[in-house]
Amino acid sequence: MPKHDTPLLDELEKGPWPSFVTDIKRQAATKPECWDILGQLELSYRDKITHWKHGGIVGVFGYGGGIVGRYSDVPTKFPGVAHFHTVRLNQPSGMYYSTAKLRAICDLWQKYGSGMTNMHGSTGDLVLLGTTTPNLEPLFYELTHNLNQDLGGSGSNLRTPSCCLGKSRCEWACIDTQAVCYAMTMKYQDEIHRPAFPYKFKFKFSGCPNDCVASIARSDLSVIGTWRDNIRIDQAAVKKYLSGEYKSNAGAHSGRDWGKFDIKKEVVNLCPTKCMHMEGDTLKIDDAECTRCMHCINVMPRALRPGAEQGATILVGAKAPILDGAQFATMIIPFMKVDAENEFEDLVNLIEGIWDWWMENGKNRERVGESIQRVGLPTFLKVLNVEPIPQHIREPRSNPYVFWESEEVEGGWDRDVREFRKRHAQ
Amino acid sequence: MAMSKEELKAAILKKAQTAAKPQLYVKDFYECDPDSKPRDVKNAANDLVKEGKMDFWSSGSTTMYAAKGRAKDEEHRG
């Protein structure tokens, strides 16, 4: 029996698509506080303003992340959501769960929370929505002691690392994303649970340049699998695509008649660097010009594969638009071996070099990408002892990106900037 | 020379108790001892939380530190 009238929300149940309103009503049958979620949301729709407040000292003992305090600003009207804290759980690498584990988490959340979840949050966590302050410690105890399940990150912490399915299911994975994600999660437990940074910091690991976790757009440190030799070509399979025996895109677009496969139109002419051509029915690739866009491999997966010498490209500084605008990550290391054999030593050294600099030089609430923008990429590269290379520059042929310091040139020079500015106004 | 951990903790706690703002970023404590590394300052502040002398205050996206009793939950704000 509905506790509040929700005419505006009820409109959202009328379309042919699944409705979160219907879901919450169903959940309210066992968790009456869910009626108050709907009541408060209806009020927000009417008032055109949120009635949630978030933040505070709420959390579990010893952890500076994983719980986000949330409160209603109209608790007397909606007492069921007076406290409605969010709990973030560290998802397994690649988001593989057993059904038994999912049932156990849901049972626990039914016991201590609203029963509502968000699978998964944009950082990757399994998000449990809505509990009260007194329930937090008992929930945490059962999660850690009975389910061997830890909290994820929030606040100015290392956020829960996330990765694609990697080598567990994907033939294109050039690095074992699950292994590196797990290793970094375990190595940096302190950074995940105890705030150390000027602001949030995210790792994401993608096995190939398709970048299925969108690490290039969403993570401060983006690790994307790649190769540095040549795309492996099976010319016999190319011919089978040409003859129509193999379906392009593994048959993904076969629900409609697109006509006969046209390799020139659908692959060669779409190559962003024009590094491919056909010689008769033989496909030729000038690999030195390939930018790893993956289009040809996606279209003809049985004929083309990533090269055999595999590793990762490391990019730094993506973020969503909170202070400035949204920003993609900048490529810093074009190729790095990412090996469990040496405990990912090169990657660890890079990460810790970035953190040491950012912890000291980043401003409060400044993502590392914003810090880099503020000081300039050359300064950042110098901090990391990375030599500038043409790949760091969008237009290396027209951008004079090589700068010399006076001590790097025999004899050096003296320069008075004020004198210079008198003659060259800025 | 950097302070000992106990000296650093005392300096951090004093700043947290006397600063005009009830909540401070971890960077605000760096000035307690410019010779200490940022990581050591963070570890000392976290020890104070474990000892119950300071609290974490988090908005969800940012986390700050506050002397026990100075920071308030959003529940108690208007």
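Q: Two residues are in contact if their C-beta atoms, placed from the backbone, lie within 7 Å; by that rule, how many residues of domain 2 of chain A are in contact with domain 3 of chain A?
A: Four residues of domain 2 of chain A are in contact with four residues of domain 3 of chain A. This is a predicted model, in which local features need pLDDT of at least 70 and side-chain atom pairs count only at pLDDT 80 or more, while totals for chains, interfaces and linings use all residues. Residues are numbered from 1 along each chain as its sequence is written, and chains are lettered from A and ligands numbered from 1 in the order in which they are written.

Q: What makes up the contact between chain A and chain B?
A: Chain A gives 27 residues to the contact and chain B gives 22 residues. On the side of chain A, strand S1 (52–54) and helix H12 (345–361) each supply at least two residues, these elements being DSSP runs numbered from the N terminus (helices are H or I, at least four residues; strands are E, at least two). The residues on that side of chain A fall into nine nonpolar, 13 polar and five charged.

Q: Why are helices H1 and H2 of chain B called roughly perpendicular to each other?
A: Helix H1 (residues 5–18) and helix H2 (residues 38–50) of chain B pack at an angle of about 70°, with their axes 9 Å apart. Axes are lines fitted to C-alpha atoms, for helices over the stretch in contact, and angles run from 0 to 180 degrees between N-to-C directions. Angles of 65 to 115 degrees count as roughly perpendicular, those under 35 as roughly parallel, those over 145 as roughly antiparallel and the rest as oblique, and H1(B) and H2(B) are therefore roughly perpendicular.

Q: Which residues of H1(B) and H2(B) meet?
A: B:Lys5, B:Leu8, B:Lys9, B:Ile12 and B:Leu13 in H1(B) meet B:Asp40, B:Val41, B:Ala44, B:Ala45, B:Asp47 and B:Leu48 in H2(B). By class, this contact holds seven nonpolar, no polar and four charged residues.

Q: What makes A:Asp211 count as buried?
A: A residue is buried if 20 or more other C-beta atoms lie within 10 Å of its own, exposed if 12 or fewer, and partly exposed in between. A:Asp211 has 20 C-beta neighbours inside 10 Å and therefore counts as buried. A:Asp211 sits in the loop between strand S8 (203–206) and helix H8 (215–218) of chain A, and its phi is near 55°, a positive value in a residue other than glycine.

Q: Is A:Lys48 buried or exposed, and how do you know?
A: A:Lys48 counts as exposed because 6 C-beta neighbours lie inside 10 Å. A:Lys48 has a positive phi of about 60° although it is not a glycine, and its place is in the loop between helix H3 (33–47) and S1 of chain A.

Q: Why does B:Asp33 count as partly exposed?
A: B:Asp33 has 19 C-beta neighbours inside 10 Å and so counts as partly exposed. B:Asp33 lies in the loop between strand S1 (23–24) and H2 of chain B. Leaving aside neighbours within four places in sequence, B:Asp33 is in contact with B:Ala2, B:Met3, B:Leu8 and B:Ala11; its C-alpha atom and that of B:Ala2, 31 residues apart along the chain, are separated by 6.8 Å.

Q: Which residues touch the most other members of the largest nonpolar core?
A: A nonpolar core is a set of buried Ala, Val, Leu, Ile, Met, Phe, Trp, Tyr and Cys residues joined through C-beta atoms within 7 Å. Of the 95 residues in the largest nonpolar core, A:Val223, B:Ile12, B:Ala45, B:Met54 and B:Tyr65 touch the most other members. H12(A) gives the largest share of this core, seven residues. Another core lies apart from it, of 13 residues, among them A:Cys34, A:Ile37, A:Phe78 and A:Phe84.

Notes
Ala, Val, Leu, Ile, Met, Phe, Trp, Tyr, Cys and Pro count as nonpolar, Asp, Glu, Lys and Arg as charged, and the others, Gly among them, as polar.
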